[in-house]
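Biologist: Please bring up the model. I want to ask what lies behind each label.

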Amino acid sequence: MEDLIKRIVKLSQLEKRDFIDTFFDQGDDAISRLLGTLKRWDDEERGAFIKALPQDYGAWVAGQLEKAAPADDRTKKSVERTMATALRTVPARIRKIERGMTAVNKAVLANRRLLRSGFATLDNVISDQQRGKPRPPVQKPHPKNGIVVDLPKPDKSVVRKGDLYDLIDQRRSRRKFTDRPLSLAELSYLLWATQGVRKLSDDRRMSMRTVPSAGSMHPFETYVAVNSVDGVKPGLYRYQAADHTLAFLRQVKGQQDAVAAANFGQKFVGHCAATFFWTAVPYKTEWRYVTESAKLILLDAGHVCQNFYLACESIGCGTCAIGAYDQDKVDRLLRVDGTDELVVYIAPVGKVGQPA
Ligand SMILES: Cc1cc2nc3c(=O)[nH]c(=O)nc-3n(C[C@H](O)[C@H](O)[C@H](O)COP(=O)(O)O)c2cc1C
């Protein structure tokens, strides 16, 4: 152990972070295995290990140790093996990343262009709208299986807290939920609050909704992984906004864990009453705004999720915006192709606090 700790002490700050992230990136289980192992070490070893960690991690680990249960022999051995492997691989990994940093810094600057408004350049662009191509439809067609959950008409009966000042003041990102299910009326309300259609053109290609959207293009589809909603079979659904129904897509094996895994092990994202995924169908915005679309779509997404936060808060539910997800995994989970449709935002929802 002494040798292990000496080698950790010798790592650079950057390497130390990468080393400890071996455990932190793996989620709660890996962290509790690490804590349990530290609990088995003697005081001196444990103190030296914590001191060697970057300050923020060291303080967190020290704070959690009291609650941790000592690991069994097998877990301890496995954690120590992981540490030894990380000590071998981390410096090489960091060296490799450092070599690519010039390109990374260039990419950071290139990405800043996305933040700029390019509306002035649209004069030199011909959009599909200008060419007279048809406006994309407001929603994807219903899946062939035809299984649909009719949603109750959204109304105020589910609202427990309606004062806007209080909602804004008390909004928080919430990551702990009770096991209580949502009612179908509550789910209906959340879908309405985020993507509900207020007006629809006769050809179903133009909608006005409860959220703003550049050019009212509303480039999103909403997918819901339902785990615990009264009267709704668990599984993956898509909100058919124009009809205010939920179309059943499929059942996902081990859905809660699969969703958490696609979100880098953030357990609460999957283990909740339902997880909302907003995909963008970029062409809906590109049809009019061409090169401006990526920025506009992301701005639109912010409005959707903010309404979600406030609507959750108003019905005794909690949510947390999720940007740290694995793009390929979530796109695969929803069976979208990642180009013509891709996930841009995720948010779990669950009941918080006491029942009304
Ligand atoms: C775009 C965006 C992405 C976020 N991604 C995550 C995430 O992946 N995981 C997480 O736990 N919190 C995530 N959050 C929540 C923030 O950590 C949270 O908003 C912040 O700490 C402020 O806390 P508050 O929302 O309670 O005011 C995200 C928030 C936003 C707006």
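**Ligand contacts and helix packing**

Modeller: Arginine 171 has a side-chain N or O atom 2.9 Å from an oxygen atom of the ligand. This is a predicted model: local features need pLDDT of at least 70, side-chain atom pairs count only at pLDDT 80 or more, and totals for chains, interfaces and linings use all residues. Residues are numbered from 1 along each chain as its sequence is written, and side-chain values use heavy atoms, with hydrogens and water left out.

Biologist: How much of the ligand's accessible area does the protein cover?

Modeller: The protein covers 54% of the 620 Å² that the ligand has on its own (Shrake-Rupley method, 1.4 Å probe; for residues, only the protein chains shown count as cover).

Biologist: Why is H1 called roughly parallel to H4?

Modeller: The axes of H1 (residues 2-10) and H4 (residues 43-52) cross at roughly 15 degrees and come within 9 Å. Angles under 35 degrees count as roughly parallel, over 145 as roughly antiparallel, 65 to 115 as roughly perpendicular and the rest as oblique. Therefore H1 is roughly parallel to H4.

Biologist: What makes H12 oblique to H13?

Modeller: H12 (residues 282-289) and H13 (residues 293-314) pack at about 125 degrees, axes 9 Å apart. That angle makes H12 oblique to H13.

Definitions and conventions:
A polar contact is a pair of N or O atoms within 3.5 Å; within protein, one must be able to donate a hydrogen and the other to accept it, and residues adjacent in sequence count only if both atoms are side-chain atoms. Axes are lines fitted to C-alpha atoms, for helices over the stretch in contact, and angles run from 0 to 180 degrees between N-to-C directions. Helices (H or I, at least four residues) and strands (E, at least two) are DSSP runs, numbered from the N terminus.
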